[in-house]
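This report describes selected loop residues and a sheet with its packed helices. The sequence and structure are shown first.

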Amino acid sequence: MTQTVQGFIKKTVAFSERGEYIKALDLEFMACSLLGIERSKLFSSSITLEKKDKTKFLSMIRRRNKGEPLAYILGTKGFWNLDIEVNNKVLVPRPETEIIVEDVLLNFNQKYLNVLDLGTGSGAIGLSLKKEKKEWNVYCSDLSEDALEVTQLNSLKHNLNIHLICCNWLNAFKPNSFDLLISNPPYVKEGDIRLHSDGLNFEPPNALISGITGMEHLFSIASFSKRHLKKRGYLYLEHSPDQAKELKLFLKELNFKNISEIFDLNGDKRAIKAQNS
Ligand SMILES: C[S@@+](CC[C@H](N)C(=O)[O-])C[C@H]1O[C@@H](n2cnc3c(N)ncnc32)[C@H](O)[C@@H]1O
């Protein structure tokens, strides 16, 4: 018997057990992706589920119920002005990270800038900036070749011409190269309880974990960036709110100037920017 999508979604929500991840909205996104239709069309009574689609839908639901992030199941995630392709080799781009893109665009109007997105993953930061600022020279680097394949896929998908570099943080770059150096590095400490929540255990550990304090990568990037930023160039670092104070102190010790915090939509200190002296 054929079933409407609407009926299937209602029934699935009604029968989902307590503690399961599935939400009606997740199901709607899955259905749109599966059937290749817009959300506004979803509830038309003419949209029915063929048997083969139902089998695929059920498999998506099983994955979500095991806690896998919706973005991996759909294969995409909206970030700033782009639909970014993702898989389990890259971190799912987060809305918190968009505040960095926003701050950069608000504060830098120069026509030509050399910009590095360090630890680019899917390419979310670098590609969003390139999309908005076509003349900027954008470099996207990562230690993970698998992640860079995803960055490349996204650059081709959106027809954005960026430089891709595989290296350990800044070791492939010349001194004095960048006007802006932006990074959302791994900043969760080993064994942190948060690693067991919100689907984080499906994401690559190398994209999340930074040693026993969580600060190791932030400190390394801050130290190395002094040499690789141009004079008066800016460093942007995303971090967790509880790392804000220590990171600010560290940047002061490194003699960065004009240090300021950037707040996320929850009002938490989520990123910091600082100017090379
Ligand atoms: C938190 S993810 C950020 C991904 C992306 N920039 C974003 O905001 O969605 C951190 C990224 O840093 C990369 N990474 C980890 N260690 C690195 C290293 N030593 N050198 C370069 N990249 C590294 C990871 O592979 C991962 O893609």
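Helices (H or I, at least four residues) and strands (E, at least two) are DSSP runs, numbered from the N terminus. Phi of Trp80 is near 50 degrees, a positive value in a residue other than glycine.

Asn255 is exposed, with 10 other C-beta atoms within 10 Å. Its phi, near 75 degrees, is likewise positive in a non-glycine residue, and Asn255 sits in the loop between helix H10 (244-253) and strand E10 (257-263).

## Basis of the model

The model is predicted: local features need pLDDT of at least 70, side-chain atom pairs count only at pLDDT 80 or more, and totals for chains, interfaces and linings use all residues. Residue numbers start from 1 along each chain as its sequence is written.

## The open sheet

An open sheet of 7 strands has the order E7-E6-E5-E8-E9-E11-E10, with mixed pairing. Two strands pair if DSSP finds at least two bridges between them. Strand E7 (163-166) and E10 are the edge strands, each pairing on one side only.

Strand E5 (residues 114-118) and strand E8 (residues 178-183) pair in the parallel sense over 4 bridges. Val115 has Leu180 of E8 as its bridge partner.

Notes. Buried ≥ 20, exposed ≤ 12 C-beta atoms within 10 Å, placed from the backbone.
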